[in-house]
Amino acid sequence: MYSISVKRPVIIKTIVTKDFKKQAVEELMNELQVLDSQIMQLELQSRQVHDQFSTMGYMTEENKMYVHKAVEEIHSRLEQLGALRNELNGHKESIEHLALNNVIITGSLENYVELKVGENLYDKFKDAEIIIKDGIIQDIRS
């Protein structure tokens, strides 16, 4: 009988506990600290570019365009990081408001499943899940 192994998605669901909330908030706080550091570095870089070229006096059009482009790139990156910071703060607030024992989707994986002639494809691909609580697998549904 012919068969084939194919990848299928597996949803990771987490049971919300105090420890989960604490760990998730800590991870987000670490990411926010890294972002804040990157934002400060870019702001410093922006000031340095302004200061460097404001002391030069006469600038060619080419130099002006270079400065303008550099400043635009820095500001664009600052906007991106600011938006990401707002998004992470939103996630942090959402996690803080989660009710204990709720089940939430926290990720996905892929695994292989063997398909054989005559099997129902939809049954093989439906609702593959791993349920975890504080990092411990509680249930596997496939």
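I took helices (H or I, at least four residues) and strands (E, at least two) as DSSP runs, numbered from the N terminus. On that basis I placed Asp127 in the loop between α3 (121–125) and β3 (129–133).

**Basis of the entries**

I worked from a predicted model, in which local features need pLDDT of at least 70 and side-chain atom pairs count only at pLDDT 80 or more, while totals for chains, interfaces and linings use all residues. Residues are numbered from 1 along each chain as its sequence is written, and side-chain values use heavy atoms, with hydrogens and water left out.

**Overall form**

I counted three helices and four strands in the protein. Along the sequence I read the pattern β-α-α-β-α-β-β.

I looked up the radius of gyration, taken over C-alpha atoms, and found 25 Å, whereas a compact globule of 142 residues would have a value near 14 Å. The globule rule here is 2.2 Å times the number of residues to the power 0.38. Along the principal axes, the C-alpha atoms fill a box of roughly 80 × 45 × 15 Å.

I then looked up burial, where buried means under 20% relative accessible area, exposed over 50%, and partly exposed in between (1.4 Å probe, protein chains only). Of the 142 residues, 26% count as buried. The accessible surface comes to about 10600 Å², and carbon and sulfur atoms hold 53% of that surface. These areas come from the Shrake-Rupley method with a 1.4 Å probe; for residues, only the protein chains shown count as cover.

For contacts I used heavy atoms within 4.5 Å. Among contacts with a separation of 6 or more, 81% join residues 24 or more positions apart.

**Helix α1**

I checked the length of α1 (residues 18–54), which has 37 residues. Its first and last C-alpha atoms are 53 Å apart, close to the 54 Å expected at 1.5 Å a residue. The expected span is 1.5 Å times one less than the number of residues.

I noted the buried residues of α1, among them Phe20, Lys21, Ala24, Val25, Leu28 and Phe53. The buried residues of this helix pack against β1 (3–15), α2 (61–96) and β2 (103–116).

Which residues does Ser46 touch, not counting residues up to four places away in sequence? I found Ile74 and His75. Ser46 belongs to helix α1 and counts as buried because its relative accessible area is 7%. From Ser46 to Leu78, 32 residues apart in sequence, the C-alpha distance is 9.9 Å.

I compared the span of α2 with expectation: its 36 residues should span 52 Å at 1.5 Å a residue, and the end C-alpha atoms are 52 Å apart, which agrees. Its buried residues include Val67, Ala70, Ile74, Leu78, Lys92 and Ile95. I recorded α1 as part of what covers the buried residues of α2.

I located Thr60 in the loop between α1 and α2. Thr60 counts as partly exposed because its relative accessibility is 33%. Thr60 and Glu87 are 27 residues apart along the chain, and their C-alpha atoms are separated by 41 Å.

I located His97 in the loop between α2 and β2. Its relative accessibility is 68%, so His97 counts as exposed. The C-alpha atom of His97 is 9.2 Å from that of Lys21, although the two residues are 76 apart along the chain.

**Strand β2**

I looked up Asn111, which is in strand β2. At 28% relative accessibility, Asn111 counts as partly exposed. Leaving out residues up to four places away in sequence, Asn111 touches Val6, Lys7, Arg8 and Val10. Asn111 and Phe53 are 58 residues apart along the chain, with 55 Å between their C-alpha atoms.

**Positive phi values**

I returned to Asp127, which has a positive phi of about 45° although it is not a glycine. Asp127 counts as exposed because its relative accessibility is 55%.

Asp134, also a residue other than glycine, has a positive phi near 50°. I placed Asp134 in the loop between β3 and β4 (136–141). Its relative accessibility is 40%, so Asp134 counts as partly exposed.

**Charges**

I last looked up the charges, with Lys and Arg counted as positive, Asp and Glu as negative, and His and the chain ends not counted. Each charge is placed at NZ of Lys, CZ of Arg, CG of Asp or CD of Glu. The mean positions of the 17 positive and 23 negative charges are 6 Å apart.
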